[in-house]
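Work through the exercises below with the sequence and the structure open beside you. Try each task before you read its solution.

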Amino acid sequence: MTGEDLFREIGKIDNKFIQEADNCYAKHDFKRYAAIAACIIIATVTALNSNSVQAAIKRLFSFIPGIAITEETEDSKNEILYSMDGEEQTQTDGNVEFTLMNAYVTSSYIDIMWKATLNFNDESKDNETVTELAEKYGYSDYIKPNEEAMFPIPDLYSTVTIGNAIYPYTENTSAGGSPTEQTCITRIENIENDIAVYGVNMPVTITFCDMTFDIHFKPIQYYDSVDEIGPTAMHNNISVTAMPTWSENKLTIKLYSLNYSEFLQVYGYYDDLKADATLPYIIIKGNTIQAQVLSGDGTEFEFDLSGLDITDEDKKSAILHIPVISVGNHESVTLDINVNNDGTIDHPDKISFKYCDVDIISMWINKNNPDNEITMTYRIQKKSDNIGLCNFTVASLNNKSSGIGTWKQTSDNTDIEAMGFHNDDVPSKKCKHITFTFPIYTLYDEYVFALN
Amino acid sequence: MNSEDKSIISLFFSRSERAITAVSNKYGLYCGKIAMNILQNEADKEETLNDTWLKAWNTIPPQNPNPLKTYLGMLTRTIAINRYSYYKAQKRNGSFDILLSELEDVIPSSRAEQEYEAGEIYKSINEFLKKTDKASRIIFVRRYYYADSIADIAKFFGFSESKVKSSLFRTRTKLRDFLEKEGIEI
């Protein structure tokens, strides 16, 4: 037995242990989770198809800052009614910092995102000490020990008011963080009557440790065109809006896409190691500055402007370039092969995805590999200048999709790539059909935005 | 199961391709971390994620996993370790190799060369984890299920790295003794 075998065995342990470790640990995913919670709400309206481009329907675009731009049609409605009016704000009494981050109202509930920094707490404390300190500062209704937690991460409670209704010391719907800092969402449900009575002027407050924020809302903003929301460019039926946020020495860009193309999914930029200059860049004040990546899907990145002494005029004349974006597509191709006794494989010369061919150079059974996997070398051939193929996946061998292991190897120096794959349920020498799927294409039409 | 996951599962059951978008959006970071911990390579991570979504597409239905998150994490872990198995002959991933060498501490040297009966040892590990204190158990699972680095575990929990290392060392030693007492042939 090897360490790897034992690692595989540990993969089968009870779910409760896996969840326990995850629940206790999920703090840094939290901000993303919070955003995703809203994304899920609007997921049903974001994936549009080309038919909607063709249809002569009235265009109506909504912008939910930090979340998405969506287009509403007669068939789909955005469920978020109001978003917070104003920026993130913080209060402190020296012991605790309380930050109101964001808030959304749907037709049935309100979510308030907030952050608490407990300056008096850290990992060295125990629950008893934290409780004593909370009482000492008068916070005991808001900060309570969590006896089940392995670390002194207390449960936090906030009081929410909506009009005359008070929701005292309400437990968070979800929270994550460290002993010192927690980010929370407080959800108040069944607010249909409040919406009917107050509408967007719904008077909402949230209080934590006797610090209170009034929360003001604005309706989700609608626009007749995406250009009105922010700098927008469109190629290949994919509209991309680049929303800039300027700070003293930094420019952050968040991309919002509207997908009218046939592609299933739009990602952000793609860092193609074989191509030159695929990273986004800006030209500002005569300088060309490359982006630093913030999000894994390529939709958020920032530029370090320190030392450039940027003026408002410079900002207005800045030009943002996004040389490539990547898109995933749902299509499959099947390759019929014949494995010879000596391990060589008779194969067609190529497989064809919709926008790229894959010329197969060689295929063989790798007898040195414990799984006797099939190895394939190939070269990607573009069908048009502006679409490349950066990835595709092995879906099945002999139509069996379970137990597949794959690897892929690319090189900066050659256009020949290699991949290997096997299926635990299909001996490679008996393999006759290989199905490849989910190509991810790189679209080389550069998006250029004037950030004025 | 929460309502969002129910919605996602229903997308899978209705064979809506939006299911892929939804799981990718919601669980991409979670699964990506697991894949990255094992493979330490962005391109491999992305491939592993693609394989994970596809595997989910091909297995839901008939599977109706609850919780969805844990199921996706399990798929990612399996796909990543399979990919690692091939890579290890070509290109070592130093940090994951260290993790595996730690696990080899658990295996008595006299039995290291023996075949083991796959599919049984985890039951004893479950028994062991039940009897282990919560803090040690979580650290153990973070390290050897999620393949988190010691530095990450220390950072997230606000411990020193040496504290995490000593906790893991003690748990591994106890696990080895437990497995020996159980008569597990590993």
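A residue is buried if 20 or more other C-beta atoms lie within 10 Å of its own, exposed if 12 or fewer, and partly exposed in between, with C-beta atoms placed from the backbone. The model is predicted: local features need pLDDT of at least 70, side-chain atom pairs count only at pLDDT 80 or more, and totals for chains, interfaces and linings use all residues. Residues are numbered from 1 along each chain as its sequence is written, and chains are lettered from A and ligands numbered from 1 in the order in which they are written.

**Exercise 1. Describe the make-up of chain B and of chain A.**

Step 1. Of the 186 residues in chain B, 45% are buried. In chain A, 37% of the 452 residues are buried.

Step 2. Helices (H or I, at least four residues) and strands (E, at least two) are DSSP runs, numbered from the N terminus. Chain B has nine helices and zero strands. Chain A has seven helices and 36 strands.

Step 3. Two residues are in contact if their C-beta atoms, placed from the backbone, lie within 7 Å. Take the contacts in chain B between residues at least 6 apart in sequence: 70% of them join residues at least 24 apart.

**Exercise 2. Describe how helix 2 and helix 3 of chain B meet.**

Step 1. Axes are lines fitted to C-alpha atoms, for helices over the stretch in contact, and angles run from 0 to 180 degrees between N-to-C directions.

Step 2. Angles under 35 degrees count as roughly parallel, over 145 as roughly antiparallel, 65 to 115 as roughly perpendicular and the rest as oblique. Helix 2 and helix 3 of chain B are therefore oblique to each other.

Step 3. Among the residues that make the contact are B:Ala19, B:Gly28 and B:Leu39 of helix 2 of chain B, and B:Asp44, B:Leu49 and B:Trp57 of helix 3 of chain B.

**Exercise 3. Where is B:Gln40, and is it buried or partly exposed?**

Step 1. B:Gln40 lies in the loop between helix 2 and helix 3 of chain B. Although B:Gln40 is not a glycine, it has a positive phi of about 55 degrees.

Step 2. B:Gln40 has 19 C-beta neighbours inside 10 Å, so it counts as partly exposed.

**Exercise 4. Find the cis peptide bonds at B:Pro61 and B:Pro62.**

Step 1. The bond joining B:Ile60 and B:Pro61 is cis, with omega about -15 degrees. The bond from B:Pro61 to B:Pro62 is also cis, with omega near 15 degrees.

Step 2. B:Pro61 lies in the loop between helix 3 and helix 4 (68–87) of chain B.
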